[in-house]
Amino acid sequence: MCRAVFLLALTVLVCPAAEALDNGLALKPTMGWLHWERFMCNTDCYKDPNNCISERLYMQMADVMVKEGWKEAGYEYVCIDDCWPSHQRDAKGRLQADPKRFPGGIKKLADYVHSKGLKLGIYADVGKNTCAGYPGSLGYYETDAQTFADWDVDLLKFDGCYMDWKLLGEGYMNMSRALNKTGRSILYSCEWPLYEWPHKQPDYKAIRETCNHWRNFDDVYDSWSSIKSILDWTASHQDTIAPSAGPGGWNDPDMLVIGNFGLSHDQQESQMALWAIMAAPLLVSNDLRDICPRSKKLLQNTDIIAISQDPLGKQGQCTIKVDSFEVWERPLSKKRLAIAVLNTQEIGGPRGFFHQSGSWLEDL
Ligand code: GLA
């Protein structure tokens, strides 16, 4: 196929270290909305119809994404996380959406989302069950991939609960092949390394060849300590993980929690800046229907989004840690450099940062 050949050439030029999954997707970090951190496994549509996991939630998010400038800013995928399916597969062994919460079914929801010019993401699990206990895909990879393709789904987040860790690689690779076999372009978001790290160092070459992005570390929470722990983990593993990022495949430090309850505005700015420097997928998990204007402005900041989406596709790294300051640098196209300076000291007011011998100063 011509496109595959072209993409391969592009990949070799841009990222000589490892080939990306050649499905032509995620050439820039994915942007969209994902329900998990904000809405979790709220299935009680009787008591909480506005916030439960139901087709209505995604339709309303899609509406807002178009009306409120999200789509224009680049946010494209409306993503379902765990807790969408029925606890039973259908008579043919296929996953089915919970009939009460998704009366129209996923295909209709995908049609709706597509009619808005957006894309639909769905969630499944490589093991026997999803993390919240719904049916997993183990033993059903081809069936589930085909079902998602038949529904016109555009992205699959594939979790790693309830799986023998020794079979994780095989499972993730088989699902990647099954998705490819459907002939539909489905962006493949994995959690393979996250579940492998406790047992062995993941093979990032294989992961990059298999997935469009991959989670490495714990779930993000709506708190500064959670954001800091993700940054600390990333900085301490950057030599291992950063080289594998590039057009077609990205390290995923999990969702943006900007616009929720747990971060001050400065902390929200820090998450936005650092996620752009890390070339992370920008998957927002908040209530777009009810978000404070400052957070919205931050999430739609075109300058930061341009850094995130820079065509060079290089992941930035932490280059200085001194006196509770961190400097993070990301090389950009046209010989530019994005720099973020983070003050991690949690006592006292604002502080000036002066550094005379940083590599970034020499580069400027
Ligand atoms: C895991 C994942 C989360 C979310 C939940 C759903 O914890 O890491 O991102 O998908 O499962 O149960």
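Helices (H or I, at least four residues) and strands (E, at least two) are DSSP runs, numbered from the N terminus. This is a predicted model, in which local features need pLDDT of at least 70, side-chain atom pairs count only at pLDDT 80 or more, and totals for chains, interfaces and linings use all residues. Residues are numbered from 1 along each chain as its sequence is written, and side-chain values use heavy atoms, with hydrogens and water left out.

**View 1. The residues around the ligand.**

View 2. Polar contacts here are pairs of N or O atoms within 3.5 Å. A polar side-chain atom of Asp82 sits 2.7 Å from a ligand oxygen, while for Asp159 the distance from a side-chain N or O atom to a ligand oxygen is 2.8 Å. Arg215 also places a polar side-chain atom 3.2 Å from an oxygen atom of the ligand.

**View 3. The largest cavity.** On a 1 Å grid over the protein atoms alone, a cavity is a set of points where a 1.4 Å probe fits but cannot get out; lining residues have an atom within 4 Å of a point. Of the 13 residues lining the largest cavity, Asn216, Ile230, Thr234, Asp252 and Pro253 lie nearest its centre. Helix 10 (224–236) and strand 7 (250–252) each supply at least two lining residues, and helix 10 gives the most, with three.

**View 4. The second largest cavity.** Here the lining includes Leu34, Lys157, Arg215 and Asp252.

Notes: Polar contact = N/O pair within 3.5 Å; in protein donor to acceptor, adjacent residues only side chain to side chain. 1 Å grid on protein atoms, 1.4 Å probe; cavity = no way out; pocket = protein on both sides within 12 Å on 5 of 7 lines; lining within 4 Å.
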